[in-house]
Amino acid sequence: MNTSFQFQLPEGYTREQVEILLAEHYTFKVEEPVSTSWALYDTFDWRLFKKSLTLHQLGQWFFLRSLPDGQALHRILPSAAPKFAQDFPDSPLKEDLQTIIDPRALLKLSELTTKSYAYRILNRDKKTVARLVYTAGWTTPDASSTARVIYLNLLPVRGYPKYTRGLTAHLESAGLSLSKWQDLYFSALEAVGQDPGSYSSKIDVQLEPGMRADEATKIILCRLLQIIRANQAGIKADIDVEFLHDYRVAIRRTRSALSQIKNVFPEDITHQFKQDFAYLGKLTNELRDLDVYLLSEEVYRSMLPAVLRDDINPLFDYLRAQRKQTLEAVITSFDQERSKRILLNWKTFLREPVPETRQPAGAMTPIIELARKRIYKHYRRIIKDGQEILKSPQ
């Protein structure tokens, strides 16, 4: 019987309370406490969480676990804390991570300083028949404050299943309930204010069919502005290239919405902001081009005969140097008066209440009608193009 059982304890539940609970029915011996670090990793856009996986660091070891049960799928001991999947030693863990997260960086989302006390549960012959580990975790190195995460692990000892069953029943009768890895996962993230799955580059908004077109459009555009703002910080910190990608996609979607959702905002406002976002997009064109080239370095290298592959190194050294300079220019442009004014004016406009008057003409049209017209227009265009293709000689 190798399965371990986990009990998550209420905040403030002390080790002394556990010992009193054990002493009611069991003889035990406590071992010297062990202190270590405990951390959770994921990408900025929660790629592991969305695949029901977690990357968990305990001391120097990394574990890839499944949610919700916490089964350890892979573990590895790297020589240094990796930033990207490619930084891990060759292993099944590395292969799985590359498939899921590349080219995103791993971010340390929650880190706890933990102290664990192991209790050896003894029978009448003084033999260890079960182990119970009390672990408390703090979000700061100061262990004198109240622990933010507390849990018990019941570790069975082979050959003594009845003691495991009895101890489980005793703990449950005292009001402690069995929990899953996901409970500990969510508690550790909640302790540092993290909300799993909170960021997505998708426009995940809720619209009512009868909502005014201008009001609904502002909701969509507000979501895009949030994405733009969220990714600017990642670009400045140069965490990974996907921050720039998501930033540029949100800029393009904003321009596209202003072009395609017609007669909803005043023409002069639409025209001005289309120009403003075209300017913001152009600021990052060169940086994105360099990112694409550098991401494809191994592809270009593989096109050459093996004897010539090292000869391409000066080119990519040059591109990396150019990227560094270009990134600095982009970061400077974010802080320039024009860029800041554009986003501030855009935020102000989006927060203004929609006018009560019917101006322009489509502002008060229910969004469902506007969407139907737009979809039908594209549908007719597809049918027309398809008919032209069928008329062409085979």
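Phe273 and Phe349 are both buried (under 20% relative accessible area with a 1.4 Å probe and protein chains only; over 50% is exposed, and in between is partly exposed). Their ring centres lie 5.8 Å apart with planes at 35 degrees, so the pair is tilted (Phe, Tyr and six-membered Trp rings pair if their centres lie within 6.5 Å; planes under 30 degrees apart are stacked, over 60 edge-to-face, the rest tilted). Please keep in mind that this is a predicted model, where local features need pLDDT of at least 70, side-chain atom pairs count only at pLDDT 80 or more, and totals for chains, interfaces and linings use all residues. Residues are numbered from 1 along each chain as its sequence is written, and side-chain values use heavy atoms, leaving out hydrogens and water.

- Phe273 sits in helix α8 (residues 267-282) and Phe349 in helix α12 (residues 337-351), so their pair ties together parts 76 residues apart in sequence.
- Ring pairs join Phe265, Phe273, Phe277, Trp346 and Phe349 into a cluster.
- The structure holds 19 aromatic pairs; one of them is the edge-to-face pair of Tyr160 and Tyr163, at 6.0 Å centre to centre and 65 degrees between the planes.
- Tyr160 counts as partly exposed at 22% relative accessibility, and Tyr163 counts as partly exposed at 24%.

**The whole chain**

- You will find 13 helices and 10 strands in the protein chain (DSSP runs numbered from the N terminus: H or I of at least four residues, E of at least two).
- Buried residues make up 41% of the 394 residues.
- Along its principal axes, the C-alpha trace spans about 90 × 70 × 55 Å.
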